[in-house]
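Here's a quick briefing on the charged side chains in this one. Have a look at the structure first, then read on.

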Amino acid sequence: MSTPDLRIRPAQPADAGAIGAIYDEGIGDGTATFATGPHPEDERRRWLAARPGNAPVYCAELGGRVAGWSALAPFSHRPWYAGVAEYTVYVARDARGAGVGADLLEHLIASAPGHGYWKLVGMILPHNAPGLALAASHGFSVVGTHRGHGRIAGEWRDVTLVERHLHLPG
Ligand SMILES: CC(C)(COP(=O)(O)OP(=O)(O)OC[C@H]1O[C@@H](n2cnc3c(N)ncnc32)[C@H](O)[C@@H]1OP(=O)(O)O)[C@@H](O)C(=O)NCCC(=O)NCCS
């Protein structure tokens, strides 16, 4: 853990408002995701409640507030890919650049095998420099870039797939 006083813990229903606000900040950046907001507290509360055991959400608490959150989700419904999870890391805009994202991703890498995962993948928009830097500095390699994988505001956008195997050397 590189950020002093940072505590990473499973998300609770009471975190729903903070999680939604941080998610919407990331969506507002236009570089993080195909998702559109807003994500009000009640919607995020239902989202948290509906997640199965292999789709955990964590909060990074710093100075008594939620400074970021992370999540794992199964990459595919096919049983033979059951050990592959997609990761998500979002840090509040005013808490970025201080190592919170790094700590959240490090924590996901450490906890993923306990949820039955053998590999993490990330889907990152190619112009998301912080997202790509975070992945690269945690041992993820770029598999390639999907062309026109989705649309943001009607525009076809590419997405770069990164991966890290948790049991095999890179
Ligand atoms: C990506 C994100 C999570 C990084 O969080 P953070 O707390 O600012 O990151 P850290 O301070 O831990 O830095 C992590 C790495 O990213 C690099 N980085 C951070 N901001 C950067 C920027 N603006 N440009 C380039 N690299 C950057 C850091 O130098 C560091 O690399 P290093 O380990 O090689 O030194 C944050 O920018 C964010 O929430 N973005 C919106 C959501 C998103 O895009 N998530 C990624 C896809 S899931």
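**Salt bridges at a glance**

Glu43 comes out as partly exposed, at 23% relative accessibility (buried is under 20% relative accessible area, exposed is over 50%, and partly exposed is in between, using a 1.4 Å probe and protein chains only). Keep in mind that this is a predicted model, where local features need pLDDT of at least 70, side-chain atom pairs count only at pLDDT 80 or more, and totals for chains, interfaces and linings use all residues. Residues are numbered from 1 along each chain as its sequence is written, and side-chain values use heavy atoms, with hydrogens and water left out.

**The Glu43 pair**
- Glu43 meets Arg44 in a salt bridge, 2.7 Å from N to O (that is, a side-chain nitrogen of Lys or Arg within 4 Å of a carboxyl oxygen of Asp or Glu).
- Arg44 itself is buried, with a relative accessible area of 5%.

- Salt bridges with shared partners link Arg7, Arg9, Asp15 and Glu61 into one network.
- Arg9 and Asp15 pair up at 2.8 Å, N to O, and both of these residues are buried.

- Arg7 is partly exposed, at 45% relative accessible area.

**Overall count**
- Searching the whole structure turns up 11 salt bridges.
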